[in-house]
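Dear colleague,

Please find the structure below.

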Amino acid sequence: GLRLYKPPLRELFGLEVDRIPMASDLVRIGGGDHYITWTQVPGSTLQLRRPVPCAQIKQVGRHVAELAQVTMGKEQLIFARHHVPGTAYAPDQYPLVLAASCGKGRAVQFACSPRLWHQEFLGHAMGLDGLFWRSIVWAVRKPFAALMMPPYVSIRVDDAIGRHDFRYVEVMNEHGHHPLVSCFPDEVSDEVVPFMRSRWESGQVDWDVHAFDYYDLLPFDFGIGEREDGDLEEIFARVDRWYGARGLKPPKTAYFHWGEIGVRVLRHLKARGRTFLFSPYHIGQLKVERLFPNWWPYGLNSLFYDYVPEEPEIYNIGGGLPRHLMAHDVLTGCTTWAGENPVNDMDKAAERSADAVRLGLDSGFFTELTTHEQKIGVLSLEEIERWMSLLGPKVERFAIRSVGHEQAAEYTKGRDETWIASASTLGEDQIEVCLDGKSSVPLELAVFEEDGDSVGLRWEEIPIVEGRTRVDL
């Protein structure tokens with residue numbers, strides 16, 4: 001704990017630390033515009049899965065920025081008194097993350113146990129990763145290069161049959177977005193095909209086949225089991241004919257309805273160059289047999305990427321939201337659909353979408369804003385326009401790049417298969433970076449530089465990596 005630190009270390013922050021530790025399950029983000037909390041919402045709170053041990057800090061130096069706190073309220077007091085004898089904490093907000101300039105350097109102190117990052121307490125990609133990596137970037141000597149994910153944001157619309165004649169795609173395009181629309185082809189009218197083809201040919205949308213209709217799935221006989229090879233041959237021939245008759249081609253990513261996916265379908269995807277898949281579940285599971293909360297084999301039902309164990313040429317990737325934090329559909333509770341809300345509330349929709357962006361990008365991932373066409377169907381095009389317009393200002397600090405899902409997936413895979421092997425300074429403002437691995441697309445290095453009390457960032461594109469590659473910045 002902090003109380004065991006040598007006095008010179010505690011004096012960096014002017015800390016007075018009680019010998020009795022504490023524990024809390026509620027984190028509160030402080031106010032201000034510090035770099036470390038730049039993308040957080042001031043005053044917002046995050047509930048942990050269980051209380052995490054923390055040092056009880058009684059005092060900090062006046063030069064120290066208090067960036068986050070843990071709450072010691074009634075519920076936390078009850079927990080603490082059952083686990084630490086002799087406790088008598090005063091209800092308050094206690095320091096959790098502290099930052100200070102110290103001489104020519106900078107220092108950041110977390111006052112909690114590192115077990116915070118274990119899944120049992122909170123885990124990574126659950127809302128606090130931004131505090132962690134931005135603390136490193138703020139304190140480290142610069143220039144500093146990192147192979148990070150650019151601030152990519154994509155949009156996905158499931159269960160599509162052509163409500164508004166797909167004109168909502170046009171609204172999204174006007175705001176720079178490139179949606180992936182996952183369709184029920186048996187319910188899509190031929191009248192909208194010219195619009196679909198025009199938008200696809202201009203590189204502004206991708207059209208996926210989600211299922212034939214709500215209960216007629218492609219890879220699975222819904223709720224019964226995986227389809228046989230002969231059935232799959234006929235099904236994919238039928239899907240091929242649907243695309244061919246409309247002058248379209250499928251995207252590389254397959255989003256199957258209900259998420260029921262079998263192993264046999266993988267070879268049919270590979271044969272069509274569809275090498276990206278979205279499935280947080282074990283391939284072959286019925287919906288009712290899914291393993292959670294452990295979400296084997298990835299451990300998460302959100303923000304995951306890895307190879308499919310049964311077929312390593314298929315890359316499984318998901319930019320969804322942790323369902324225990326918020327519904328994965330960003331319009332849930334924001335529209336009149338199914339009585340979820342008395343009115344269509346686009347302010348709420350924009351805020352929920354902004355929460356998704358913050359979680360994904362602060363976690364070092366990309367964000368995929370997911371919704372369903374049923375909910376878009378109860379909105380007017382003017383309301384969809386308002387949703388898109390309100391979202392922009394809420395996420396402007398991220399300098400987002402709106403991209404198609406395929407671009408985000410290709411980049412994620414390339415970054416996964418590439419790494420910084422070494423880096424060294426060539427002077428005060430130059431660094432040499434050696435990368436290794438292999439990427440199918442050009443990647444970028446995030447280069448961080450001192451900018452007064454804050455941190456500057458520029459993105460430097462690097463050539464496609466094929467083995468050891470040196471880059472001078």
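Glutamine 109 is located in strand β7 (residues 105-110), where strands are DSSP runs of E with at least two residues, numbered from the N terminus. This is a predicted model, in which local features need pLDDT of at least 70, side-chain atom pairs count only at pLDDT 80 or more, and totals for chains, interfaces and linings use all residues. Residues are numbered from 1 along each chain as its sequence is written, and side-chain values use heavy atoms, with hydrogens and water left out.

Glutamine 109 counts as buried because its relative accessibility is 11%; buried means under 20% relative accessible area, exposed over 50%, and partly exposed in between (1.4 Å probe, protein chains only). Leaving aside neighbours within four places in sequence, glutamine 109 is in contact (heavy atoms within 4.5 Å) with Leu2, Tyr5, Phe13, Leu96, Val97 and Leu98.

Turning to the rings, Phe, Tyr and Trp (its six-membered ring) pair if their centres lie within 6.5 Å; planes under 30 degrees apart count as stacked, over 60 as edge-to-face and the rest as tilted. By this rule there are 18 aromatic pairs. The pair of phenylalanine 184 and tyrosine 214 is edge-to-face, because the ring centres are 6.1 Å apart and the planes are at 80°. Phenylalanine 184 is buried, at 3% relative accessible area, whereas tyrosine 214 is partly exposed, at 31% relative accessibility. The rings of phenylalanine 365 and phenylalanine 366 are stacked, because their centres lie 5.0 Å apart and their planes are at 20°. Both phenylalanine 365 and phenylalanine 366 are buried.

Yours sincerely

Methods: Helices (H or I, at least four residues) and strands (E, at least two) are DSSP runs, numbered from the N terminus.
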